[in-house]
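Look at the model below.

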Amino acid sequence: MRKSMLFLGFLVCLGLSLPGTQGRIIPKCEMVKILRRNGFEGFEGTTVADWMCLVKYESGYNTKAYNNNGPSRDYGIFQINSKYWCNDGRTPGSVNACHISCSKLQDDNIEDDIRCAKKIAREAHGLSPWYGWKNHCKGRNLSSYVRGC
């Protein structure tokens, strides 16, 4: 019994020292500040509130979020797709237009995520590539996403 308890304790400690699947959840007002500081207000006709809504519905503000889409996968806080924008080494015919490894989109440093998300929005002239935004945010009053920040 004592050995099993020690082993269980070891596993718990090991689990605490390894990176988890849960990324950093960026608090609302911190995310608003990041977006404002990086020129998202007015970018391609969008607002910071648009981007906040997009991030909520795409990733839940989680830097390590991912979603399987059949042969491709979406990565990171902006849910950037491996078919077109990043290379995950497993998506057939990946274009990798942002010239980045998809794993870099899942760390807590979102500077590269921001560059790629802006490239996507620039090429699309808006946020239409993101279904979370189209289905939950487009044409709605989004002021609550930035209120108090």
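## A linked network

Which residues are linked with Lys104 in a network of salt bridges? The network joins Lys104, Asp107 and Asp112. Keep in mind that this is a predicted model.

Lys104 pairs with Asp107, and their closest N and O atoms are 3.6 Å apart. Lys104 is partly exposed, at 40% relative accessible area. Asp107 is partly exposed too, at 23%.

## Other salt bridges

The whole structure holds five salt bridges. Side chains of opposite charge can pair when their charged atoms come close.

One of the bridges joins Glu30 and Arg24, with 2.6 Å between the closest N and O atoms. Glu30 is partly exposed at 30%. Arg24 is partly exposed at 31%.

Another bridge sits within a helix. Lys119 and Glu123 both belong to helix H4, residues 111-124. They are four residues apart, or about one turn of the helix. The closest N and O atoms of this salt bridge are 3.5 Å apart. Lys119 has a relative accessible area of 26%, so it counts as partly exposed. Glu123 is partly exposed at 49%.

Now turn to Asn81. Asn81 lies in strand E3, residues 80-81. Is Asn81 buried or exposed? Its relative accessibility is 13%, so Asn81 counts as buried; the cut-off for buried is under 20%.

What does Asn81 touch, leaving out residues up to four places away in sequence? Its contacts are Asn69, Ser72, Arg73, Asp74 and Cys86. With Ser72, there is also a side-chain polar contact of 3.1 Å.

Key: Residues are numbered from 1 along each chain as its sequence is written. This is a predicted model: local features need pLDDT of at least 70, side-chain atom pairs count only at pLDDT 80 or more; totals for chains, interfaces and linings use all residues. Side-chain values use heavy atoms; hydrogens and water are left out. Helices (H or I, at least four residues) and strands (E, at least two) are DSSP runs, numbered from the N terminus. Buried means under 20% relative accessible area, exposed over 50%, partly exposed in between (1.4 Å probe, protein chains only). A polar contact is a pair of N or O atoms within 3.5 Å; within protein, one must be able to donate a hydrogen and the other to accept it, and residues adjacent in sequence count only if both atoms are side-chain atoms. Contact means heavy atoms within 4.5 Å. A salt bridge is a side-chain nitrogen of Lys or Arg within 4 Å of a carboxyl oxygen of Asp or Glu.
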